[in-house]
Amino acid sequence: TRKLIMDVDTGTDDAVALMFAALHPDLDLMGVTTVNGNVPLDNTTDNTLRVLDWIGCSGIPVHPGLSRPIVRTEFPSARHFVSDGADDPHGKALDIPAPSSRAQSQGGVEYLIETLRAAAEPVTLVAVGPLSNIAAAIALDPELTGRVDEIVIMGGGHATANVTASAEFNIWADPEATAMVLAAGFPKLTLVTLDATHRAGITRDACRELAGLGTPAGTAAARFVGRRIDAYSGAGHEGVAPVHDVVCAAYLVRPDVVGTSPLPVAVETAGAATLGRTVIDVRPDTSQPANAHVALDANAELLTELLIDTFARTS
Ligand code: BDR
Ligand code: CA
């Protein structure tokens, strides 16, 4: 089994990713850190606890991390476009019961540092929210990167954007943290972009199958993905929606769920119209060295199959 820590801003798609990582037999989810993102930190933490309780995994510790970006005091501007249905009419809480377990008193950044330092074997980091916690941890201990075999990040895009015309939300929400993570020297950095996640849409038919599993994870996934499909319909997508973050979790067990290429990636931290954009150098003759394995493509059928198999499980 592959040991991993997830950093999340739960969120409907984070919720599906968490359930996948907690239930898949080849993955050992050691702990979860939460970050300000889709909703404020208290809500991302509460939602994370809800999800783990709901599937009977409340033994996995949840550590609240940073409540704001690492340099800026706020997001670059008010978030005017919601891509994932988390800010829906139901408010900021996922519509599953309130948690009975509590978050750990140790903060997310401290947990990352302590756990990585103590790990006998390298650990995989899966970061599916703004990168504030990861940046803070490596700022405090730059040698942590050597304790990580791979960091898998949901963020950025080449031909696709969501929060602005240029940028994807996770990267835009903390561009300086992204720059720090890109420069940190992780042995392997995989970036699962919006280009890939938009090719891995989950359909209403798949939701019906998930609901039909009759398991807690199947029921919740059907509800969350259904909400995302509702939120996307009318925006040119009918009956299908991307569930961005779960693509990262699925990639851990089936790397072929995405198509990756080694490419140079930079992040725009100064541009006015382009703040938070990932600048992905796809020129065949570029002289820049590749610093990331960039996923620009994905296999929706395989992802759907993986979700159905994994959410049929109850432990
Ligand atoms: C990313 O931003 C968040 O809204 C989602 O949870 C996902 O991680 C997509 O841009
Ligand atoms: Ca997320």
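Trainee: What should I know about the model and its numbering before I start?

Mentor: This is a predicted model, in which local features need pLDDT of at least 70 and side-chain atom pairs count only at pLDDT 80 or more, while totals for chains, interfaces and linings use all residues. Residues are numbered from 1 along each chain as its sequence is written, and chains are lettered from A and ligands numbered from 1 in the order in which they are written.

Trainee: How are helices and strands picked out?

Mentor: They are DSSP runs, numbered from the N terminus: helices are H or I with at least four residues, and strands are E with at least two. Helix α1 covers residues 12-23.

Trainee: What span is expected for α1, and what does it reach?

Mentor: The expected span of a helix is 1.5 Å times one less than its number of residues. With 12 residues, α1 reaches 17 Å from its first C-alpha to its last, close to the expected 16 Å.

Trainee: Is α1 buried or exposed?

Mentor: A residue is buried if 20 or more other C-beta atoms lie within 10 Å of its own, exposed if 12 or fewer, and partly exposed in between; the C-beta atoms are placed from the backbone. In α1, 12 of the 12 residues are buried, so the helix is largely enclosed by the rest of the structure. Among them are Asp14, Leu18 and Phe20.

Trainee: At what angle do α1 and α9 cross?

Mentor: Axes are lines fitted to C-alpha atoms, for helices over the stretch in contact, and angles run from 0 to 180 degrees between N-to-C directions. Angles under 35 degrees count as roughly parallel, over 145 as roughly antiparallel, 65 to 115 as roughly perpendicular and the rest as oblique. The axes of α1 and α9 (residues 216-232) come within 9 Å and cross at roughly 155 degrees. That makes α1 roughly antiparallel to α9.

Trainee: Is that crossing left-handed or right-handed?

Mentor: A crossing is left-handed if the near helix is turned anticlockwise from the far one by less than a right angle, and right-handed if clockwise. The crossing of α1 with α9 is left-handed.

Trainee: Which residues of α1 and α9 meet?

Mentor: Two residues are in contact if their C-beta atoms, placed from the backbone, lie within 7 Å. From α1, Thr12, Asp13, Ala15, Val16, Met19 and Leu23 take part, and from α9, Ala217, Ala220, Ala221, Phe224, Val225, Arg227 and Arg228. By class, this contact of α1 with α9 has nine nonpolar, one polar and three charged residues. Ala, Val, Leu, Ile, Met, Phe, Trp, Tyr, Cys and Pro count as nonpolar, Asp, Glu, Lys and Arg as charged, and the others, Gly among them, as polar.

Trainee: What surrounds Val225?

Mentor: Val225 of α9 is buried, with 29 other C-beta atoms within 10 Å. Not counting residues up to four places away in sequence, Val225 touches Val16, Ile202, Cys207, Leu210, Ala241 and Val243.

Trainee: How do α1 and α2 pack?

Mentor: The axes of α1 and α2 (residues 41-54) come within 10 Å and cross at roughly 40 degrees. The two helices α1 and α2 are therefore oblique to each other. Ala15, Leu18, Met19 and Ala22 of α1 make the contact with Asn47, Thr48, Val51 and Leu52 of α2. That contact of α1 with α2 holds six nonpolar, two polar and no charged residues. In α2, 10 of the 14 residues are buried, and the buried residues pack against β1, α1, β2 (27-34) and β3 (62-64).

Trainee: And what is the angle between α1 and α10?

Mentor: About 20 degrees, with the axes of α1 and α10 6 Å apart. The pair α1 and α10 is therefore roughly parallel, and the crossing is right-handed. Helix α10 (residues 244-253) has nine of its 10 residues buried.

Trainee: Where is there a cis peptide bond?

Mentor: Most residues other than glycine have a negative phi, and most peptide bonds are trans. Here a cis peptide bond joins Thr10 and Gly11, with omega about -20 degrees. Gly11 sits in the loop between β1 (2-8) and α1. Just after α2, Gly56 has a positive phi of about 75 degrees.
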